[in-house]
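Reader: I am new to this structure and would like to go through one part of it. Please show it to me.

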Amino acid sequence: MHEFKTESKKLLDLMINSIYTNKEIFLRELISNASDAVDKLNFKSLQDPSIKVGEGDLAIRLSFDKDARTLTVSDNGIGMTADELERNLGTIAHSGSQEFKRENAEHQGDDVDIIGQFGVGFYSAFMVASKVRVVSRAFGEETAHVWESDGLEGYTIEDGERAEHGTDVILTIRENVPGVDGEQGENYDTYLSEWGLKDLVRRFSNYVRYPIQMMVTKSRQKPKPEDAGDDYKPEYEDYQELETLNSMTPIWKKRSSDVTPEEYNEFYKSTFHDWEDPARTFSFHAEGALEYDALLFIPGKAPFDLYSKDYQKGLALYSSNVMIMEKCADLVPDYYNFVRGIVDSADVSLNISRETLQHDRQLHAIANRVEKKITAELQKMRDDDREAYERFFENFGRGLKFGIYQSYGMKADELADLLLFWSAREQKMVTLAEYAKAMPEGQKAVYYAAGDDRDRLSKMPVVHGVLDRGYDVLLCTADVDEFTFQAMRTYTAKDMPKVYADDTAREAAAKAVADGAEPETEDRALELKNVASGDLDLATDDEKKQAEEASKEHEELFQAMKEALGDKVEKVAVSARPMDAPAVITTEGPVSLEMEKVMARGPEAEGAPKSQRVLELNAKHPVFEKLVAAQKAGEKEKLAQYAGLLYDQALLVEGILPEDPVAFAQAVCNLM
Ligand code: ADP
Ligand code: MG
């Protein structure tokens, strides 16, 4: 008996008393090893023509014996000598095991997917087997050897028999463990069933290059006897047939020109359990230091749980056609969490034995590229198929906006041009670039209004004021919109007509264009402005002057109204903005009325910041005269009531109920 090395023992111990619930990956590991062994022999034969192995003969076989509780994974690959059995299976002599232990120490307790992430190779067999026997004959050797272990203390190596080169890994499958106290038990019997094994192969090893075969029981109709009478009932019989369980060529390794859209759609639906065809399918192949294939899909519809905590993002990660992880979250950023697909790279290690750090760096590089490709594909969709893009945006746009918000605007460069908003003037969805392109000369900002109803927004006096100026307003109805805009602060519009500092420069440029030069363009940072916040700076010099004069003239009136309204407003002022309404509520500072509403609904409603409100009065409105008259006549009471009414009705227009609706109704009645 040879003893396992200490660190192997620890790993084995971990495996058997597993922290890891996903025991089923053992088969993937054994099949991968078999596939590697076949690969090695195949490679050898390619180098040395005297070695004759046809690729057609190379295969992996599964067989099981329910009564003996054995499952055998066989291959006719390169095999192992006694020395190799000792070296390869006796120790975990891989550099990665240290890392594994460290990782594991860090994550002690939580059920971390370490084994699933890095693979643990051959030893994973002990998760499901109480004994493992390996019969192997190395290519070119006359004798075979048998390695055997119960995975506890050590192993034995003896002489044995095998007709041909290759390896049989024979697992004695554990007994089922019944569930206790409502806890789920362990069902090992599935690994001794045709159905269970087929399922595992399809899920984890479907694209292994060599055929994975198993004898399966099928049923067929017996031939009808010649003397069968009219009342003959067909009879059936079972028979055995060698079946190839895996589909071998992965669709993502095929050239996209060799795959029909229907094939892609079918693959998508069956792999990612969707009923609908994907909205977009795209693939790419990367070469160089890191080689990989990727096949990605943008779903046609958002899954019902997309915005729930339970939703798991991620792409399937394969290494040389073998699935390592079903959903590798690190491969896509959160805002592209809806993308489904597969990344396959031979360079990403299946096994813990490779440097895990390196593994991370590679994953990172792939993720960067994947992100760029997704962005490019969405841009393409936006430009060539606007209708489909609008549908896409309805499904997933919220996530893109969150991406900007959550990155504090860092991701705006990548994402801002993918956003769509409703244009009040165009009456359709537009991009920010389209908004900027349509701006009249002199417009310096992107104007938007935020609220939950598009119709109501379009009727707001502050919106009208801006539209009347000839500037479009984006009507934002998603709760995240304004937060996104605040995170962005500005939008940089590309290729805008150049603005010249003075007349001389402008004339020179105009002359150059007249002489055949292209008009000059520039990138321009446009501020994003809520039409109901702060000073929009839209008033003409005349209007500004008028407002200023009115402010001075009626200072006492404003003072009195502010006193009447108390803490509700920061101040009362004359409005310089063009409008028909007698008064509007605007805000100063970073929090708008709409944001206040959104935050009050949110999880941190308690103590959420409040907007600083300003009651802006329209000095040209007949109501204003009434205010002035009341003030002059010293009717304090009446003025207070007017102030309250104006305040409440201005809020109502913005979709905010008066704090005291009864008092509001009474005030209206009193006036009548
Ligand atoms: P890895 O596959 O990453 O090297 P494993 O623990 O899965 O790690 O396997 C250890 C070693 O055992 C392999 O590198 C290989 O040399 C050898 N081995 C395992 N299974 C077979 C097999 N079926 N045929 C030949 N060699 C094998
Ligand atoms: Mg392996």
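Reader: Which residue in β14 does A316 stand opposite?

Author: Strands here are DSSP runs (E, at least two residues), and helices are runs of H or I of at least four, numbered from the N terminus. Two strands pair if DSSP finds at least two bridges between them. β12 and β14 (residues 340-344) pair in the parallel sense over three bridges. In β14, the residue opposite A316 is I342.

Reader: What kind of model is this, and how are residues numbered?

Author: The model is predicted, with local features needing pLDDT of at least 70 and side-chain atom pairs counting only at pLDDT 80 or more, while totals for chains, interfaces and linings use all residues. Side-chain values use heavy atoms, without hydrogens and water, chains are lettered from A and ligands numbered from 1 in the order written, and residues are numbered along each chain, as its sequence is written, from 1.

Reader: Which residue of β13 is the bridge partner of Y318?

Author: β12 and β13 (residues 322-328) run antiparallel and are joined by four bridges. Their hairpin has two residues between the strands, and S320 takes a positive phi near 50° there. The partner of Y318 in β13 is M323.

Reader: How many residues of β12 are buried?

Author: Buried means under 20% relative accessible area, exposed over 50%, and partly exposed in between (1.4 Å probe, protein chains only). β12 (residues 315-319) is largely enclosed by the rest of the structure, because its buried residues number five of the five.

Reader: Which strands are at the edges of the sheet?

Author: The open sheet has five strands with mixed pairing, in the order β10-β11-β14-β12-β13. Each edge strand pairs on one side only, and these are β10 (280-286) and β13.
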